[in-house]
Amino acid sequence: MKETFIEFFTFSYPNITYVVVGTVLLSISSALVGCFTFLRKKSLVGDVVSHAVLPGICLSFLLTGYKNPLIIVAGAFFTGWLSIAALDYVVRHSKIKEDTATGLSLSVFFGLGILLLTFIQHSGNAQQTGLDAFLFGKAAALVGQDLIVFGILAVITLLMVLAFFKEFQIIAFDQQFATSMGLPVKSIEMILTSVTVLAVVAGIQAVGVVLMAAMLITPAATAKFWTDRLQVMLLLAAIFGAFSGITGAFISYAAPAMPTGPWMVMVLSFLALISFFFAPQKGILVRLLRQRRIRRKQLEENLLKAFYAVGERLGTFDKPLTLDQIGEKRSFRPEELRIGLRRLVSHGYLRRQQSDWQLTADGLSKGRRVQRLHRLWELYLTEYLSIAPDHVHEDAESIEHVITPELELELERLLDHPIHDPHQSVIPSRD
Amino acid sequence: MNALIIIITGALVASSCSILGSFLILRKMAMVSDAISHAVLPGIVIAFLLGSDIDSLWMLAGAGAVGLLTTFLIEFFHQKGRLQTDASIGVTFTWLFALGVILLSYYAGDAHIDEACVLYGEIAYVPLDLIELDSGAILGPKALIVLLFILMVNLVFVTLGYKELKITTFDPSFARSVGISPSAWHYALMSLVSLTTVGSFESVGAILVVALIVTPPATAYLMTQDLTRMLVLAVSFGISSSILGYFLAYVLDGSISGAMATVAGLQFAVVFIAVKQRNRAIIRQGTAPPLEATKVLH
């Protein structure tokens, strides 16, 4: 294993170099293009194109009778482009929705491609062997003339992305703005489509029809979980793409029965799954934890507010309260109540006295603050937004948990240190 | 005789697909069917390795489960991870498909299923694989019987659940308010899509199932705004594309399923142009609003 590893990464054979350079180039170029289609929410366009190049490849072969990479590329480019044009045309000129048109264009072009491919295979032309490499991809077959042609395509794709970076950026984020600026949005879209088709054509022989979509979509989707900045996103997507290219090539070198393309996609998907779940800001795990923390905080604050409100009504905060008294003020689920009370006790906001509960000094001041913010906000809504007093409670219920001390001061100043809220309840003063 | 069996098989696949596809495209979920049809591959390969037959009920059930898992993952990444739907679909199905291809190449010797078959199937072999009873009597081609069963299941589902499917498709919030769960019907529909995909897999392959799910219903959708008529038209287009597709493939000596998809696409193109022409004529005369302007069906 170790020897294979060293053999591979020192590029002991020229073939290794070819395959690695080829897969890395095409991974990077499709990852970059994919970022823009991703941001335009048109990721599946890559899927359509990769299926639609098949009839073009077959037609080129039918016309010439042999496999000339340049003519095959031209044919692939032509039908790939046509599929997107057809998709757009159908959406624009009928009531067919985009998802349907996508499936339609993808499957019909591919069906035609399969019909032509099987027709060629049954025709007995000996030149045709290897055409089916386009279906499932054969990165290891990227040698000689093919490597040069597809490598050049990948480089052209890369250069196009760099050259049109600004334009792509604008239409990816704000097409209306671009139109209002007087930019030729239509032409930029056409260039982006062409670059997408180019990236697909460059990669198709290595990874195949179905998995080409992953080369475009997955790096972009993964990168988006780590950053909001386009430049960083492009860089990350390119790194993910390159990494998958090298790893995929290595796996199929170490275990020759293993196909390169699917392993590249597996590596990419693995990175994607890790990012989806564990990315520090946007990962699913962090998001769930954050939601849980917020729900807990709200529960605790609501409990303290309820204790405060009952005390307010009784005119004293020194008496321990029963759970029934709290329940009359606001209903909590038994489960919530159990967890919330335990946490409040451990934070030192509540004290337990036999079966009753008593606010501590800290708890009292915190409960008072929440109640105060609630009423301040209700007053603000009625005074400044002219909302009827019976409509402000719901909004205050959620905003009371997020107002910062600075905002609190600002509200107080705006409302001129009020005493009563819109329901004539006293707004408790600050400690 | 073989030609007839092939055409009937194609017609059965096309009918099942068109029925489900009509609901899918109205729910704007055409691409989810694409995802499911690819993602069931690992399930099929694993079932193969476990020694079960491609037509066995276990296989159908297992692949149905994988299909549901796909639907669930797409929803999960979209809602919990805030990943946009198109990317969520793209990442999920390519991942599962890659897994399937890897399993396939790893166990290439053990599984009697080849890569090309995965993509476009081979309907021409359907008449050769017969179900033989213990008594030695021949019941009929296996795929034909399985597909007939699947069509029956689909018909029963759509007939019994017609009202619920319609309401959850057009007005989910109303459905919820009258106690019909949109997500329950969503998953029920998706399990049937998985079942149909797997059942049709051997005959038409992963991608051409999508052609039959999307294209005939889309053609029908151009022509009518009535759901029942749309279903009938979609099934008719599906069946006619299987008949014409067979003859096209016969003439060209090519893949029958590829030809079926091509014919379905041609039918769409013809109807598309005809509807467009008619609308133009109507607008010119100024007699009635164009068909496309009155969007009753979403």
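This is a predicted model: local features need pLDDT of at least 70, side-chain atom pairs count only at pLDDT 80 or more; totals for chains, interfaces and linings use all residues.
Biologist: What makes chain A more spread out than a compact globule?

Modeller: The radius of gyration, taken over C-alpha atoms, is set against a globule rule of 2.2 Å times the number of residues to the power 0.38. For the 431 residues of chain A the rule gives 22 Å, whereas the chain has 32 Å, well over that value, so chain A is more spread out than a compact globule. The C-alpha trace of chain A spans about 100 × 55 × 35 Å along its principal axes. Chain A holds 19 helices and two strands, where helices (H or I, at least four residues) and strands (E, at least two) are DSSP runs numbered from the N terminus.

Biologist: Why is Thr64(A) called partly exposed, and why is Gln424(A) called exposed?

Modeller: A residue is buried if 20 or more other C-beta atoms lie within 10 Å of its own, exposed if 12 or fewer, and partly exposed in between, with C-beta atoms placed from the backbone. Thr64(A), which is found in helix H3 (residues 45–64) of chain A, has 13 other C-beta atoms within 10 Å and is therefore partly exposed. Gln424(A), in the segment after helix H19 (405–414) of chain A, has 8 C-beta neighbours inside 10 Å, so Gln424(A) counts as exposed. Gln424(A) also has a phi near 65°, a positive value in a residue other than glycine.

Biologist: What makes Lys28(B) partly exposed?

Modeller: Lys28(B) has 15 C-beta neighbours inside 10 Å and so counts as partly exposed. Lys28(B) lies in the loop between helix H1 (2–26) and H2 of chain B, and its phi is positive, near 55°. Over whole chains, buried residues make up 45% of the 431 residues in chain A and 50% of the 298 residues in chain B.

Biologist: What makes a set of residues a nonpolar core?

Modeller: The set must consist of buried Ala, Val, Leu, Ile, Met, Phe, Trp, Tyr and Cys residues joined through C-beta atoms within 7 Å. The largest nonpolar core has 191 residues, of which Leu32(A), Val201(A), Ala237(A), Ala98(B) and Leu212(B) touch the most other members. Helix H10 (residues 182–223) of chain B gives the largest share of this core, 22 residues. A second, separate core has 21 residues, including Leu350(A) and Ile427(A).

Biologist: How do you know what Val201(A) is in contact with?

Modeller: Two residues are in contact if their C-beta atoms, placed from the backbone, lie within 7 Å. Leaving aside neighbours within four places in sequence, Val201(A) is in contact with residues among them Val53(A), Phe77(A) and Leu153(A).

Biologist: Why are E1(A) and E2(A) called a pair?

Modeller: Two strands pair if DSSP finds at least two bridges between them. Strand E1 (residues 350–353) and strand E2 of chain A have four bridges, in the antiparallel sense, and Gln353(A) stands opposite Asp356(A) in E2(A). Two residues lie between the strands of this hairpin, where Gln354(A) takes a positive phi near 50°.

Biologist: What makes up the side of chain B that touches chain A?

Modeller: The contact takes 54 residues from chain B and 51 residues from chain A. H5(B) gives the most to the side of chain B, with 14 residues. By class that side has 33 nonpolar, twelve polar and nine charged residues, where Ala, Val, Leu, Ile, Met, Phe, Trp, Tyr, Cys and Pro count as nonpolar, Asp, Glu, Lys and Arg as charged, and the others, Gly among them, as polar.

Conventions
Residues are numbered from 1 along each chain as its sequence is written. Chains are lettered from A and ligands numbered from 1 in the order in which they are written.
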